[in-house]
Amino acid sequence: MTPWLTVVGIGEDGFKGLGKNARHALLRASKIFGGQRHLDLLPTCIAGERQPWPSPFSLDALLALRGEPVCVLASGDPMFYGVGASLARQLPAAELLTLPAPSSCSLAAARMGWPLQDVVTLSVVARPIAALNAHLCSGARLLVLSNDGGSPGAIAKLLRERGFGPSRLTVLEHLGGPAERRIDAVASDWNDLPIADLNLIAIDCLAEPNTPRLSRLAGLPDAAFEHDGQLTKRDVRAITLARLSPVPGELLWDVGAGSGSIGIEWMRTHPSCRALAIEADEGRQTLIERNRDTLGVPGLQLIRGSAPQALAGLERPDAIFIGGGVTRDGVFDTCWAALKPGGRLIANAVTLQSEMALMTWRERHGGELTRVHIAQAQPLGSFDTWRQALPITLLELTKRLDA
């Protein structure tokens, strides 16, 4: 099948910067969709009808022209945080031809002299800047696509608040065009300069001396979370997440989420990991919202309510952690029924009653029971002794593929 739709990546240098194939596609097109800024870059020799994207954004008018020779204009590489990725989810590959230009991140890496494979690329275009928190560590280099001219100032403020004030910022405006401009500053000294809406921020991260180091591995310090005591403690959390075994793209239900620590650390393992935190207590719901932003996973979805009622209609998970409510009628049964075949269910118990619930469930469905004892050295007069924490009983189950 000959593709009817061609997505053309265009830079700030406009039509003259396009290759032969992109120019021919635009000359043949009956209609050309794009943002007004992109459409204005076309010369008068392009006869196709120009269609600015509707507001709110929709692909419906474009997809209704299926079979006609149509072009879409997009910034740089359309498959990099662009409309090309949206179209690829809607159309078979045989119907779509994408002709990319250099992405803004490629141009920025060239300007900065940074090897692109060593850089973390992010976008805050219509996305919360709190997602940057997951990537902040000394020595990291970030390239961030800005939402508008206010993004550099907002990011500088976030860096200062998170203890990364010494980080070096470079704002690159209108990359690849005649109006290209570079602004260099340190986050702690950032002034609210007028910045063009079309900009990208390069961040060379540097932490203040006493800023805590937060690993992406499971088992963050308990002090990294705001909590009211309902927190799966660090060592038990690390063991629990190891048993949950997060894999990129998977969805976790964190049932009785407390302060949200399990779901948050699940999502920190990979940008494509997702989690639903189910919590009934309003105060803890607020803690979950604060913790997810502080630790860089604003996409964690909070489900307000009690299990099992709050679980109705939720997307089926790949893994489930039950940290609270194991003795409540229907919680285990609802979770087990919703869990995908091959999925993992982990439940922790502290009380005798909750431990009995785990043992009863194991008798019905199998699984592995583990008791975890942790002691910490604490002062006793002029000496030290071991203080035993409450033992934790952990049930681990894997649902059969034929279940």
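## Burial and overall build

Buried means under 20% relative accessible area, exposed means over 50%, and partly exposed lies in between, with a 1.4 Å probe and protein chains only. By that cut-off, 45% of the 403 residues of the protein chain count as buried. This is a predicted model: local features need pLDDT of at least 70, side-chain atom pairs count only at pLDDT 80 or more, and totals for chains, interfaces and linings use all residues. Residues are numbered from 1 along each chain as its sequence is written, and side-chain values use heavy atoms, with hydrogens and water left out.

The protein chain holds eleven helices and 19 strands. These are DSSP runs, numbered from the N terminus: helices are H or I with at least four residues, strands are E with at least two. The C-alpha trace spans about 80 × 55 × 35 Å along its principal axes. Contact means heavy atoms within 4.5 Å. Take the contacts between residues at least 6 apart in sequence: 65% of them join residues at least 24 apart.

## Surface and charge

The accessible surface of the protein chain is about 19,800 Å². Carbon and sulfur atoms own 52% of that surface. The areas come from the Shrake-Rupley method with a 1.4 Å probe; for residues, only the protein chains shown count as cover.

There are 40 positive and 41 negative side chains. Lys and Arg count as positive, Asp and Glu as negative; His and the chain ends are not counted. Each charge is placed at NZ of Lys, CZ of Arg, CG of Asp or CD of Glu. The centres of the two sets lie 3 Å apart.

## Domains

The domain assignment gives domain 1 (5-102), domain 2 (105-205) and domain 3 (222-399). Such bounds come from an automatic or database domain assignment. The C-alpha centres of domain 1 and domain 2 are 27 Å apart. Six residues of domain 1 touch 13 residues of domain 2, by the contact criterion.

Domain 1 and domain 2 bury about 720 Å² between them, and 68% of it is on carbon and sulfur atoms. In domain 1, Glu12, Phe80 and Tyr81 lose the most area to domain 2, together 73% of what that side buries. Buried area is the accessible area, with a 1.4 Å probe, that two parts lose on being put together, summed over both.

## Backbone exceptions

Most residues other than glycine have a negative phi, and most peptide bonds are trans. Tyr81 sits in the loop between β4 (70-75) and α4 (83-90), and is partly exposed at 41% relative accessibility. Ala126 also has a positive phi, near 55°. Ala126 lies in the loop between β6 (120-123) and β7. Ala126 counts as exposed, at 72% relative accessibility.

Two cis peptide bonds can be located. One joins Ser55 and Pro56, with omega about 5°. Pro56 is in the loop between β3 (49-52) and α3 (60-63). Another joins Ala307 and Pro308, with omega about 10°. Pro308 falls in the loop between β13 (301-304) and β14 (319-322).

## Helix α6

Helix α6 covers residues 151-161. Its buried residues are Ser151, Pro152, Gly153, Ile155, Ala156, Leu158 and Leu159. An α-helix has 3.6 residues a turn, so residues three or four places apart point the same way. The cover over the buried residues of α6 includes β7 (141-145), β8 (168-173) and β10 (199-204). Just after α6, Gly163 takes a positive phi of about 85°.

Pro3 lies in the segment before β1 (5-10). Pro3 is partly exposed, with a relative accessible area of 33%. Beyond neighbours within four places in sequence, Pro3 contacts Ala94, Glu95, Leu96 and Leu97. Its C-alpha atom is 19 Å from that of Ala101, 98 residues away along the chain.

Val236 belongs to helix α7 (residues 234-244) and is buried at 11% relative accessibility. With neighbours within four places set aside, Val236 contacts Asn348, Ile374 and Ile392. Leu217 sits in the loop between β10 and α7. Leu217 is exposed, with a relative accessible area of 67%. The C-alpha atoms of Leu217 and Ala242 are separated by 9.7 Å, at 25 residues apart along the chain.
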